[in-house]
Amino acid sequence: MDATHGLTAPPWRVGVDVGGTFTDLVVADAGGRTAVFKVPSVPDDPGAGAIAALEKACAALGLSLAAFLGDCAFFLHGSTVATNTLLEGKGGRVGLLTTAGFRDSLEARRGLRKDPWDHRTPYPPVLVPRYLRLAVRGRIGAEGEEIEPVELDDVRAAIETFRAEGVDSVAICLINSFANPAHEHAAAEIVRQSGLCRWVSVSADIVPIMGEYERASTIAVNAYVMPRVADYLAALADRLAELGLKTRLLMLQSNGGAASLDQLIEQPVNLLLSGPSAGVGAIQHLANGLGEGNLVSMEIGGTSCDVMLMHEGRVAITDSLSVADYDLVTPSVDIHTVGAGGGTIAGIDTAGMMYAGPQGAGARPGPAAYGLGGTRPTVTDAHMVLGRLRPGPYAGGSVTLDLEAAERAIANEVAEPLGLPLAEAAAGIIRIVEQNLLHAVERISIQRGYNPGRFMLVACGGAGPMHGASVGRALGARAVYVPRQSGAFCAIGMQHADVRRDFVHVVMRELGDGVGEALAEGYAALEAQAADALRREGFEPGEVRFGHELDLHYEGQQWDVRVALAPDAAPDEIRAAFEAEYDRQYGHTNPGGRINVSNLRVVGIGKLPPLAEIVFETVERRAEPASVRPVYDQATGGFLETAICDGAAMRPGDFVDGPAVIEEETTTVVIGSGERARVDRLDNYLITFREEG
Amino acid sequence: MELDPVILALTQNRLDHISHQMGWVMVRTARSPIFSQAHDFSCFIAGPTGEVVSQADGIPIHTGSGGFGVRAILRDFGDVIAEDDVYLLNDPWAAGGNHLPDWVIARPIFAGGEFVGLTCNRAHQSDIGGGAAGAYNPSATEVFHEGIRLPVLRLVEAGTMRDDLWKLLMLNTRTPHLLDGDLRAMLGSTRIGMERVAALACELGPETALAYFAGVLDHADRCFRAEIAKMPDGVYEAEDRSDNDCFELRDVTVRVRATIAGDTLAIDFSGTDAQIRGFKNSSLGNTHSAVYTALASFLDPSLPHNEGAFRCVDIHAPEGTIVNAEEGAPTTMCTVFCAHEIIHAVWKALAKADPARGCAGWAKNVFGISVGREASGDRYVFYHGAAAAGAGAVDGRDGFNQIGHVCTLGGLTMPNVEVYEQLYPVLFHRQEFRLDAAGPGRWRGGSGADYEVEILTDATHSFRGEGLEYETGYGVNGGGAGAAGHMHLRFADGNTQRAPKFGLESTGPVRFVTQSPGGGGWGDPLERPPASVLRDLRDGIISEETMREVYGVVADEAGRAVDASATAALRARLGGNGPGANLRPMTSSS
C-alpha cells in the first residue's frame, strides 16, 4: 500500500470513533476511497486520541493539520464520553424535582433486576440521592387534566436546597407530564430564572413517554452526564476549529444518525450508544452494495460481540437501552451484546467443566500473549496456539504477541488440568466461544421471530473474521461476508450516516373511527418539531424525509408492536398492518380484538451527501499465498500446511480455498476446509461453503 | 465411557440454549400476558429416567420439581411411551404437579428409535374452572374448589390430538380462548425443544448423548456437593410462621432441621404444623422447589440448577403438614405462601451454618386485589403491586426497598403508577420509602413503602395481608427485623378502618392507606459505616433518634458530617449493652 493509503483528493470526509481501547479514524476522499488510521485511545483526554489519529492521517497524506481540516467537508464523531462518565461515576451533582408523594421511583426501580437469582448484587448507585430528590406539590391526571395546581414555592425552596448542596444540573420529572408538560415547564422556568446552574433537563421535552420510572431514570442520566459531556464536546469543537476545521462537528447518536453539537448538548442521553450504533451505517452500506436486505452482523472486539440484525433493509431501533444497569428510554439501534471476544477468558470450573467467558481480560492485562501481565488463557491465546495468529506486532503494532506466553497460559489452566494436548485444549476454547457466538446470533433472530438460516452473516470487528466462517456454517447461513476494513467497522459506518432525529408522542386511544383526527394532530405536531430540529441542522423543509410509525397493542396487553405506515392510513389499514406484524412476531392474532394506539413516532431524516460509490472490476484469479505455515484445522482435528495470504495483495476477483488464512491490516480471516473466500466487486471478502456430499 | 471435557461443556451449553429457545417460543406464541409479561412458566429437559437435565429458563419457584411430573409420566406410561405422544398433567398427588394452575406439557424425545428424554413446559393457566375466576379462590377449603384435576393424560397419541380430551379441557375453563392458545404455545415450544435435543442426540449417537446428559448431571452434583461441603457439619434448626390460616388468626409454623454431614444436606420438616383449611398448603413438589430456591439463592447463583445439583439434598416432609398436604387439600396459593415461610426457614437454618452468607428476611407482601367496574361497565381487576414490601439485606448490599415476592426472587416487578392510572379507575397519592421501617444492620433491610391509592369506583377487595401487624422481614447476625406492615381503608366521609388480613369486602370509593413492611438487616447496626447511617438520615430512611440509639452515630450540628469522636464514644457505650440490646421494633412514624 502506498504512503497515502490510496487517498487522492479532497474534500475529505472524516469519521472518528473514540472507543475504550482504540481510536479509529476513517478518512474518505472525493472518489469515495477510504483509509483507516488507528491509535490507542487516551482515556483521560479522549479528544487527544482523536487529534493523534488526525495527525497520523495527515502524516500519511503529507498534509498539515490545518490544510487537511480546512478541506474537510464532513466530520462525524462517535464517542464513549457519555458512557464513560456514567461508568466511572464522574457526572454532575444532580437535583431532581418530583411530584409530591413520588420522589422514590428513581431508586425503587420498579424492582427490575436482570437476573433474579443473583440477588446479592446491589443496584448501581442511585444517580440522585434521596435528599436531593425534592417534592413539588401539584398533580396532572392521567388524561392530562390538572387535578391540583403546581406549587411553585416548592420549586423555589428546592432551588435554595440545591444551591446549598452544590447542585450543578437539575432534572425535572413530574407524574403524567407526558400527557401535559405544563407543570414541568413552569418549574423549569423558575429554575432557569434562578440562575442556579446552566443545565436543566425536563423529562417531557427529552423523553415524553409514559412510565415515571423509565422517564425519571432517563432524565437523571441525562442530567448526570450533561456537565462533563458538554464541556468535553465544546472543548473538542473549539480545538478542532482552532486547528482549522471549517465544517460543523457532527455527533453520532445512539439511533445511528448524526446531529450537530448544539442540538445534542442538552440531550447527551442520546449519546450513550454513540460508536457501536455506527454499525448500522456500515451494515446499511453493505446491504446497498450487495443488494441484500437480510443481514446479521457479528462485530467482535477484545471484550464482547455485538450482534445486529437487518431484515428487509431495516435495522430495528428500540426504545430501551441499559447501560451499567441504568435503564434508559432513548432511540437506540437494537444491538445484542455477549461477552465473547478476543480477551474472553477460558478455564476449568471447580467441578471440572471447561468454560470460555463471559469474563474477559479487558485491554489490560489482556490476553496472556500480550505480555502485559495477563496469565489467564484467552481466545486470542488459543488462536496463537492454533497458528491462526502469528507472533509479533499486532493491532497496528500497539502490542506484540508472545506465543510462549499464550502456550503457558493454556497449558497451565486448561490443557494440564484436563490432561489434554495443548492444541486440543486451544481448539476446545475456540469451539466453546464459537458456540456462544452461534447462540447469540440465534437468540437475536429467534426472539424476534426470524429464521437465522435466511440471513447472510457479516463477520466484522478485529476478531470477527476469525470466527465468521465457522459460525456461519453452524448457523446454516448462505454465505459469510467479511468487510476488508473489519477492524474499523463502526468508523467506516460513520461515513454512511445521515442526520436523524426521533420524536414520540403518547396517544393512548382506541383504534376506531374517531382516532384519525387525533393521529393527524399528533403527527402534525411531531413533524413540526422534526422540521424545526432539522432546519437548525441546515435542512430546508423540502430536504427532510419523514418516517411515520405507530406503537399499537391489543387491549389489556402492556407491550407494543411497532408498524411503519403512511400518516394518513385509515383505521382498517392500521389494523391490517398491526395484525400482520403481530402474527409475524407472535404466531397468532386476535381477530376483531380491540386495538389501542400507544404512541406516534416521527423520524426526521436529513440526507447527507453520500460517499462516492466504488465498484471494482473483478478478474477471477486464484490468489498466490505469501507463505505457508501449519495451522490447526477444525474439520480434521490436526495441523495442516496452510496458505497464508497477504490481504493487501488480494484484488477483486482473487479467491483462495481453505484451509487458508488471510492477514489483513486490521483483522485476520480464517477459512476452513471446504470454504472459499473471494474478493468481491466491493473489495470485501465473500466466504462460501462448498456443497456437501 | 470416558467423557471429552470439551464435548461435555458444549452439551451442557446447548441443552441450556435449547431450554431458553423453548422459552422464547413460549413468550412469542402464548396468548395470556401471564407468560409474556409475568414470565410465570418454566421450560426444562428431562433425561430418560425423569431427572431434569436442564432448566435454564423459568421462575425460581419452579426449580427442580419438574422431575416429579416426569416420573409420574414414566410410572403411568413408561412401557408404552412413543414418538409423537404428548402428555399433560397438573394434579399434585396423582401426577407430580405443584399446584393446579400450573400445567405441564411433556413431549418424549426419540433419537434413532431410542427414548432419550422429554422436553417439558410448566405454565400457569389463566383459568381452570373452580370456585373463582382466575385460578385463585381464597375461599377454597378443598382442591375441588380450585379447578380441574388432571392425572397424567396422553393428550396427543401417535401425532394425533385427542379431540375429546381437548373439548373436556376447554369446557372446564372460563377463558377457553386463552387456554387453547396457551396450550398450543406449550405444544409448539416443546416440539421445537424436542427437535433440537433429538438433533443433538443424533449427532452424538443416542448412547453417547445419554452418557453426556448423565455427565451434565454429575457435574452439577459435584458443584453443589463442593458448596455444601464448605459449610460446617452440624444440625441447624429454624422456623418461620404465618399468623393466619386464611380464615382465622392463628400461628401456622414451618419448622426445619437442616443436617449438614460432609457434602450432603438433609432438610427435615418434622414438627411443622398440620395442614390448614385455606389454600396455602404446599404440595410435595412445591416444597421441594421452595427448598431448592432457598438453597440456590443462598449459595452461588451461578451454580447449575438441574436436578443433579439437588442429589445431595434429602428432603423429608411429613404427610399431613402444611408442607406436604394430604390429597384433597386446597393448595393454589402455595407457590407464594407457604413457599415464603419455607424459604425463610431454610435460609435461617443455613445462616446458622454459614453466617457470612446469611440472608435476612424479605418482608411478606400485604396487598391483595380490587375488582370493580369501569364507567363503561367493563370489569377491571387491579393488583396493588405498587405496595411491594422491602427485601432483606445480605453481606454487601442493603435490602431492596421495594421488591416482588421472594418465591420469584423479585422477578415479578412493580408497575408504573402512570400506567396503572391509564388502565384502571384509580388515583395514586403516594408511593414512597418508609421512615424507620428498614430492619437495622451493618447492611440495613429494605424500607418498604408508604402507599396510598384511591379506588374511584365501587369495588370488591380480596385481602391477602400476610405481612400485616407482625414483623416478617427477620434480621440475621445481629441485624434487626423490618417493621410490620399496616393497612387502612379511608372512606369519603373521613371514616377510617383497619383492613382485614383475609377475606372479601365490598366498598364504595375508598382510599387504601398502606405501609408495606420492611426487610431485615444483616449484622450489627453499630458496625454500619457512619457515613451510610448519616446518608440514611439525610435521605429520610431513618430518624435522628434511630441514628443515635440504634446505630450509635452522632452528626455535627449542621447534620452534614459525622462527628467521629462522639460516634466512637456512643458506639462504645451502646456496644456495652450487649448484642441486640439496642434493637427495638421498628415502627413507622407516618
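Start by selecting Gly278(B): in this predicted model that glycine is buried, because its relative accessibility is 0%. You'll find Gly278(B) in the loop between strand 10 (264-268) and helix 7 of chain B. Now show what surrounds it. Leaving aside residues up to four places away in sequence, Gly278(B) touches Ala140(B), Asp245(B), Cys246(B), Phe247(B) and Pro330(B).

Arg444(B) sits in the loop between strand 14 and strand 15 (449-455) of chain B, while Asp536(B) belongs to helix 10, so the pair ties together parts that are 92 residues apart in sequence. Both residues are buried.

Now bring chain A into view. Which residue does Arg538(B) meet in a salt bridge? The partner is Glu165(A), at 2.4 Å from N to O. Glu165(A) counts as buried because its relative accessible area is 11%, whereas Arg538(B), at 22%, is partly exposed.

That pair is a way into the interface. Between chain B and chain A there are five salt bridges, and 34 residue pairs are in polar contact, counting those with both residues at pLDDT 80 or more. On the chain B side, color helix 1 (5-29), which gives the most to the side touching chain A, with 15 residues. The residues on that side split into 30 nonpolar, 25 polar and 16 charged.

Zoom out to see both chains. Here 71 residues of chain B are in contact with 69 residues of chain A. Together the chains bury about 6,200 Å² between them, with 55% of it on carbon and sulfur atoms. Highlight Arg28(B), Glu418(B) and Gln422(B): in chain B these lose the most area to chain A, together 13% of what that side buries.

One last stop is in chain A. Select Arg33(A) and Asp29(A), whose side chains meet in a salt bridge at 3.2 Å, N to O. Arg33(A) is partly exposed at 35% relative accessibility, but Asp29(A) is buried at 2%.

Technical notes:
Residues numbered from 1 in each chain as written. Chains lettered and ligands numbered in written order. Predicted model: local features only at pLDDT ≥ 70, side-chain atom pairs only at ≥ 80, totals over all residues. Heavy atoms only, no water. Contact = heavy atoms within 4.5 Å. Buried area = accessible area lost by both parts, 1.4 Å probe. Salt bridge = Lys/Arg side-chain N within 4 Å of Asp/Glu carboxyl O. Polar contact = N/O pair within 3.5 Å; in protein donor to acceptor, adjacent residues only side chain to side chain. Helix = DSSP H or I, 4+ residues; strand = E, 2+ residues; numbered from the N terminus. Nonpolar A, V, L, I, M, F, W, Y, C, P; charged D, E, K, R; others polar. Buried < 20%, exposed > 50% of the residue type's maximum accessible area, 1.4 Å probe, protein only.
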